[in-house]
Amino acid sequence: MARGLAFAAMPRPILCIVHQKHSRTRRVGRFLKRKGHALDVRRPCLGQELPENLDDHAGVVVFGGPQSAYEHDKFDFLKRELDWLPTALDAGVPFLGICLGCQMLAQVLGGRVHTHPDGLFEVGYFPVYPTAAGSEIFGDADVLHAYQWHKDGYEVPDSATVLAKGDRFANQAFRYGTSAFGLQFHPELTPRTMELWSGFANKREVPGAQPVDEMKSVRDKHDHKVRHWLDAFLDHWLGSDAR
């Protein structure tokens, strides 16, 4: 080895928690790998354990799923996840909750997770409106048309900062501390997966779901903006490490 030659340390992996056997990290995972991070994918729903500490990880992403955050009495693995979440928050590691992961974060911090009062779902592309505080992750954007697939919403805990609002479900993004973020919407979704999810919703006649043709039309106009936003957001998120 040449004298004085130094090698940069490899970036630590990202812990990715998913909630079904065949769940994938999709666009979030692809972007993180492009930024040099390996993915440590864990499925507590299959009995896989979560780490006792996060010294060996650069961040944690908790993805969505068909469960509800308040169903911890029904799903033992969900209770284990909820009990584990303070480990990540106390460590100051970058934390990102998406949809169910966002609702779990809110619930752990004291916010109530609940269904829509009229029984509506939010399935399709809906506008997300950044707050003044949200400029830290949304920049100068007035609105982001992002894909949604959920029946639950959440109250933002008193200890958190609202970053984006919505029409049907009021709270769409928040931050806790400097490095924990919750996103109600799905920036990780690829166009192909959108069609699979949305076709399923329309077959079930989910109340409040957009027609698939309308979703495709909005997607074609706005998906590239969501993609660019996600890439920049993940840089901000990775740089928020408070350790």
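Reader: In the lining of the largest cavity, how many residues are nonpolar, how many polar and how many charged?
Author: That lining has five nonpolar, one polar and two charged residues. The classes are Ala, Val, Leu, Ile, Met, Phe, Trp, Tyr, Cys and Pro for nonpolar, Asp, Glu, Lys and Arg for charged, and the others, Gly among them, for polar. This is a predicted model, in which local features need pLDDT of at least 70 and side-chain atom pairs pLDDT 80 or more, while totals for chains, interfaces and linings use all residues. Numbering starts from 1 along each chain as its sequence is written, and side-chain values rest on heavy atoms, without hydrogens or water.

Reader: Which residues line the largest cavity?
Author: They are Arg 27, Tyr 125, Tyr 147, His 186, Pro 187, Leu 189, Asp 223 and Val 226.

Reader: What makes a space a cavity rather than a pocket?
Author: On a 1 Å grid over the protein atoms alone, a 1.4 Å probe fits in a cavity but cannot get out, whereas a pocket is an open set with protein on both sides within 12 Å along at least five of seven lines; lining residues have an atom within 4 Å of a point. The largest pocket has about 610 Å³, a volume being the space filled by probe spheres set on grid points, which are joined across faces, edges and corners.

Reader: Which helix gives the most to the lining of the largest pocket?
Author: That is H5, with three residues; E7 and H5 (191-203) each supply at least two. The lining has 24 residues, and Gln 20, Gly 64, Gly 65, Pro 66 and Trp 197 lie nearest the pocket's centre. By class it has nine nonpolar, ten polar and five charged residues.

Reader: What is the order of the strands in the open sheet of nine?
Author: The order is E2-E1-E3-E4-E11-E10-E9-E6-E7, and the pairing is mixed. Strands pair if DSSP finds at least two bridges between them; the elements are DSSP runs numbered from the N terminus, with at least four residues (H or I) for a helix and at least two (E) for a strand.

Reader: Why are E2 and E7 edge strands?
Author: E2 (39-42) and E7 (144-150) each have a single partner strand, so one side of each has no neighbour in the sheet. Direction ignored, neighbouring strands are turned by 25 degrees against each other on average.

Reader: How many bridges join E6 to E9?
Author: There are two, in the antiparallel sense, which meets the cut-off of at least two for pairing. Pro 130 has Ala 164 in E9 as its bridge partner. E6 and E7 are also antiparallel, over seven bridges.

Reader: What do E9 and E10 form?
Author: They form a hairpin with five residues between them. Five bridges join E9 (residues 160-165) to E10 (residues 171-176), antiparallel. Val 162 is the bridge partner of Phe 174, and Lys 165 stands opposite Asn 171.

Reader: Which residues of H3 are met by H2?
Author: Met 104, Leu 105, Gln 107 and Val 108 of H3 meet residues of H2, including Leu 78 and Glu 81. Contact means heavy atoms within 4.5 Å.

Notes:
Axes are lines fitted to C-alpha atoms, for helices over the stretch in contact, and angles run from 0 to 180 degrees between N-to-C directions.
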